[in-house]
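Please look at the sequence and the 3D structure below. Then read on with the structure in view.

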Amino acid sequence: SPIGKIAKSLSEEYEEDIKMNLDGVAIIYKKNKFKVIGDPQYIDSDNREKVFGLGVTMNVKSLSQDVLFVVTHLKSTKSEQGEQLRERQINLLMKDLIKNPDDLPVILCCDLNANPVVNKKG
């Protein structure tokens, strides 16, 4: 896992001790390129599909455009049932849990934990 290297690099950059869990979500960005707009949306896993995530609206300075960045980490079960669960997790996260009242463009970043083979949906 690269988490240890990321935490070390951030600790050096910010000159403080930064700890990160081995499994979770984060949005790491350059302050000179993006500006956070409003409050982050934290999605805890206490929902019907056990999906968790983070949604952050940021202004992309070079484009003068607000964009909703969403990050999640999907279930890793490598089976057809796992594929179906991951699809339900994404649908729940994007349709019900993350709020996008301004209908902003969305960039979804995630660990899909999907099989590298083609599934029934192509």
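## The whole chain

This is a predicted model, in which local features need pLDDT of at least 70, side-chain atom pairs count only at pLDDT 80 or more, and totals for chains, interfaces and linings use all residues. Residues are numbered from 1 along each chain as its sequence is written, and side-chain values use heavy atoms, with hydrogens and water left out.

The protein chain has 2 helices and 4 strands. Helices (H or I, at least four residues) and strands (E, at least two) are DSSP runs, numbered from the N terminus. From that terminus on, the order is α-β-β-β-α-β.

The chain has 122 residues, and buried ones make up 30% of them. Buried means under 20% relative accessible area, exposed means over 50%, and partly exposed lies in between (1.4 Å probe, protein chains only). The chain exposes about 8,600 Å². Carbon and sulfur atoms supply 51% of that area. Accessible areas come from the Shrake-Rupley method with a 1.4 Å probe; for residues, only the protein chains shown count as cover.

Now take contacts, meaning heavy atoms within 4.5 Å. Among those between residues at least 6 apart in sequence, 54% join residues at least 24 apart.

## The cores

In soluble globular proteins, nonpolar side chains tend to be buried together. A nonpolar core is a set of buried Ala, Val, Leu, Ile, Met, Phe, Trp, Tyr and Cys residues joined through side-chain atoms within 4.5 Å. Which residues form the largest nonpolar core? It has 10 residues: Ile43, Val51, Leu68, Val70, Leu74, Ile90, Leu92, Leu93, Ile98 and Leu104. Strand E3 (65-73) and helix H2 (80-97) are the elements that give two or more residues to this core. H2 gives the most, with 3 residues. Apart from this core lies another, of 7 residues, among them Leu54, Val56, Met58 and Val67.

Leu68 belongs to the largest core. Not counting residues up to four places away in sequence, its contacts include Gln41, Val56, Ile98, Leu104 and Ile107.

Gln41 is found in strand E1. The side chain of Gln41 reaches the backbone nitrogen of Lys99 at 2.7 Å. Beyond four places in sequence, Gln41 touches residues including Gly53, Leu68 and Leu97.

## Helix H2

H2 has 18 residues, and at 1.5 Å a residue they should span 26 Å. The expected span is 1.5 Å times one less than the number of residues. The end C-alpha atoms of H2 are 24 Å apart, which agrees.

The buried residues of H2 are Gly82, Glu83, Leu85, Arg86, Gln89, Ile90, Leu92 and Leu93. These residues pack against strand E1 (34-43), strand E2 (53-60), E3 and strand E4 (106-111).

## The aromatic pair

How many aromatic pairs does a search of the whole structure find? It finds 1. Phe34 and Phe69 form an edge-to-face pair, 5.8 Å centre to centre, with 90 degrees between the planes. Rings of Phe, Tyr and Trp (its six-membered ring) pair if their centres lie within 6.5 Å; planes under 30 degrees apart count as stacked, over 60 as edge-to-face and the rest as tilted. Phe34 lies in strand E1 and Phe69 in strand E3, so the pair ties together parts that are 35 residues apart in sequence.

The table lists relative accessible areas.

| Residue | Relative accessible area | Class |
|---|---|---|
| Phe34 | 24% | partly exposed |
| Phe69 | 11% | buried |
| Lys50 | 58% | exposed |
| Ser64 | 63% | exposed |
| Asn59 | 17% | buried |
| Ser79 | 22% | partly exposed |

Most residues other than glycine have a negative phi, and most peptide bonds are trans. Lys50 has a positive phi, near 60 degrees. Lys50 lies in the loop between E1 and E2. Ser64 also has a positive phi, near 50 degrees. Ser64 lies in the loop between E2 and E3.

Asn59 is found in strand E2. Asn59 and Lys35 are 24 residues apart in sequence and 5.1 Å apart in space, C-alpha to C-alpha. Beyond four places in sequence, Asn59 touches residues including Phe34, Lys35 and Ser64.

Ser79 sits in the loop between E3 and H2. Ser79 and Ala114 are 35 residues apart in sequence and 9.1 Å apart in space, C-alpha to C-alpha.

Conventions
Polar contact = N/O pair within 3.5 Å; in protein donor to acceptor, adjacent residues only side chain to side chain.
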